[in-house]
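Here's a quick walk through this one, from the record's annotations down to a single helix. Have the structure open as you read.

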Amino acid sequence: MAEHSEESKVDQLVEKIKGELHGDSSSSDSDHEKSESSSSAIKAKIYHLFGREQPVHRVFGGGKAADVFLWRDKKATSMVLGGATAIWVLFELMEYHLLTLVCHGVILTLAILFLYSNASTFINKSPPRIPEVSISEDMAVKIARSLRYEINMALAVLREIALGRDLKKFLGAIAGLWLVSVFGGCCNFLTLFYIVFVLMHTLPFLYEKYEDKVDAFAEKAMIEIKKQYAVFDAKVLSKIPRGPLKDKKH
């Protein structure tokens, strides 16, 4: 009897998951109303990865940055990836140090500008125009506020996970940290950063190109994952005693 009740509970959760992804298809409307709203209903049932409701280009901001990520501006994207590859080769393969590179670059730049400024009077050319660069107070405040907001959000999520209020976030955090630790053991931080940087400039382009196939596969994968989680929740997690999920309101 207990196993039969657990199976019925799992089936109900699976049906609920399918209803959330596709929406309730049953309605008591007439055939005339269905024909009028057929196009909007089809659009509402289309599943997009990560619940995306806008085009990929709009998700990335729709500006020059989106053009670079999605290879709309191939020249700029090639320059960005080429520069990142050059930096990785310089530091990883040639074992150049960051502080040494910065110091040598500043020395070379200052020497060229100093010599050109003094030699301009002898070669009858105007001295180089070096713009004044400074960080405004408003920009510094905006940067500090944005960093403060992101840090507070991260701390709030960590606190919520530590208090045991959200099991899904806890399992997601554990899985994510474990994957990062595995990749960190295989390569150093610079190589890991370079791999992530290259993936950021290739995966969005490939996703936009094969969007329909990826969304269809992701939809099936999400249904299967939620189904397995429902089974795991019904058979294991629901039997674990938990504390109060919310603080008591006085």
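Predicted model: local features only at pLDDT ≥ 70, side-chain atom pairs only at ≥ 80, totals over all residues.

## Annotated segments

UniProt, in an unreviewed entry, lists residues 76-91, 97-116 and 170-197 under "transmembrane region".

Over residues 76-91 the model is 100% helix with 0% strand, and the end C-alpha atoms sit 23 Å apart. Residues 170-197 come out at 93% helix, again with 0% strand, and there the end C-alpha atoms are 27 Å apart.

## The whole chain

Helix is the theme here: the protein chain has twelve helices and zero strands. Of its 250 residues, 13% are buried.

The chain exposes about 20500 Å², with carbon and sulfur atoms supplying 65% of that. As for contacts with a separation of 6 or more, 60% are between residues 24 or more positions apart.

H8 covers residues 137-162, and Met-139 lies in it. With 26 residues, H8 reaches 37 Å from its first C-alpha to its last, close to the 38 Å expected at 1.5 Å a residue. Just after H8 comes Gly-164, with a positive phi of about 75°.

Met-139 also belongs to a nonpolar surface patch of about 740 Å², alongside Ile-135, Ile-143, Leu-147, Ile-151, Leu-155 and Leu-158. So is Met-139 buried, exposed or partly exposed? Its relative accessibility is 47%, so Met-139 counts as partly exposed.

Conventions. Residues numbered from 1 in each chain as written. Heavy atoms only, no water. UniProt positions renumbered as here; feature names shortened; annotations may be inferred. Helix = DSSP H or I, 4+ residues; strand = E, 2+ residues; numbered from the N terminus. Patch = residues over 30% accessible without salt bridge, like charges linked within 9 Å, V, L, I, M, F, W, Y side chains within 5 Å. Areas by Shrake-Rupley, 256 points an atom, 1.4 Å probe, with all protein chains shown as cover. Salt bridge = Lys/Arg side-chain N within 4 Å of Asp/Glu carboxyl O. Buried < 20%, exposed > 50% of the residue type's maximum accessible area, 1.4 Å probe, protein only. Expected span 1.5 Å × (residues − 1). Contact = heavy atoms within 4.5 Å.
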